[in-house]
Structures are given as C-alpha cells and as structure tokens.
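Below are some notes on the model, for reading beside the coordinates. Please go through them in order.

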Amino acid sequence: MGLQKLERLPLARISVRALVKCEDKYLFIKRTQFGESKSFLICPGGRVEFEDRVVVPGKSSFEPTLRHAMERQLKWDLAADGIRLGEFIGVSKMRHHAIEALFAAEIDSYDFDKRSGIDTLDPNLGAFELVTYRNIDRDVLSRRGLKLEPKEFRKLIPRYIESKV
C-alpha cells in the first residue's frame, strides 16, 4: 500500500514512524508494556493528530501532514535536533484499527532523557529505553525476545538500507 491508498483512511487511524539515523547509528525504542516481561522494538513515532494537519491550497496536503506529524513525534520521542525527513519507505498492515507509515529520517543530535512524549508522563504505558545499532539486517530485527513491531518493518528496513548502499 502506498501513500495514495493510505490517504483514504481517517488521520486518527494512521501512525507515523521513522527509521532514524544519527551519525552512524540507527535509533530504536525498546518498549516493555506495563505488567509484561517481554520487550519489543519500535521505530520512533506515533499517532497523527488533528493539529498536524497542513493545508496546501490546490494540492493534496496528506504527505505534508504526515511529515509534520513525524517531525513533531521525533522532537517528542527523542528531543531530536536537525531533523531531515527522507523518503517514504512503506506501511504496515492494519493492526488494532490503525496502520503505520514508515519514513527515513536523519537527525544531527538527540537527548533521550529530555524527550517530552506521552510515555514520559504516564508510567502505566510501561518502560521505554533507547537502543542503537550500527548495522541492521533481518536477523537483528527478528531476534528472539526483542522483535521489531510491526513485523512488516523487519523486511522493509533491511531492504531499504541495502538499496542505499
């Protein structure tokens, strides 16, 4: 599914995620849900909110809206500076009535301890920890006990990285 088909969904059903690179490392968030012992990886990002809507007269404002939401989420999740959003990589399947769009992004710096997303305010959401990798392949993203979610990204990300080499 590309951005054109995704555009037909209500914004409330869409989350944006980014494959974030800072210097020579890729950044992921390790999440352990409250009351659970198993952890999983996610790419930084989150829901598109109504306030993210960008209006471009005479053009579709869908992709600019997603990019605006992605930039906001990177500031919240990583306290990122020098954000440069790259290309659209792909989407997940519909899960829990939502779909996730994945973009590439590079940042100049981040301070995970200064993040301001909702996860910092509500301990009932569980634990969040920053994880970095220099090299990414399918095996890294599918390791037992630390799998990347959504699982479609386990194939999309290595393919994307290989295409850029």
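1. Does Arg154 count as buried or exposed, and at what relative accessibility? Arg154 counts as buried because its relative accessibility is 14%; buried means under 20% relative accessible area, exposed over 50%, and partly exposed in between, with a 1.4 Å probe and protein chains only. This is a predicted model, in which local features need pLDDT of at least 70, side-chain atom pairs count only at pLDDT 80 or more, and totals for chains, interfaces and linings use all residues. Residues are numbered from 1 along each chain as its sequence is written, and side-chain values use heavy atoms, with hydrogens and water left out.

2. Arg154 is in helix α4, residues 153-163. Helices (H or I, at least four residues) and strands (E, at least two) are DSSP runs numbered from the N terminus. A polar atom of the Arg154 side chain lies 2.8 Å from the backbone oxygen of Leu148. Apart from neighbours within four places in sequence, Arg154 is in contact (heavy atoms within 4.5 Å) with Arg138, Leu141, Ser142, Lys147, Leu148 and Glu149.

3. The largest nonpolar core has 29 residues, of which Leu6, Ile14, Val20, Leu66, Leu74, Leu78 and Ile107 touch the most other members. Such a core is a set of buried Ala, Val, Leu, Ile, Met, Phe, Trp, Tyr and Cys residues joined through side-chain atoms within 4.5 Å. Two or more residues each come from α1 (3-6), β1 (14-22), β2 (25-32), β3 (39-42), α2 (62-78) and β6 (99-107). Helix α2 gives the most, six residues. A second, separate core of 19 residues includes Cys43, Ile89, Leu156 and Tyr160.

4. Just after α2, Ala79 takes a positive phi of about 50 degrees.

5. Met70 lies in helix α2 and counts as buried because its relative accessibility is 0%. Leaving aside neighbours within four places in sequence, Met70 is in contact with Val16, Arg17, Ala18, Pro44, Gly45 and Leu85. Its C-alpha atom is separated by 14 Å from that of Ala12, 58 residues apart along the chain.

Note on methods. Polar contact = N/O pair within 3.5 Å; in protein donor to acceptor, adjacent residues only side chain to side chain.
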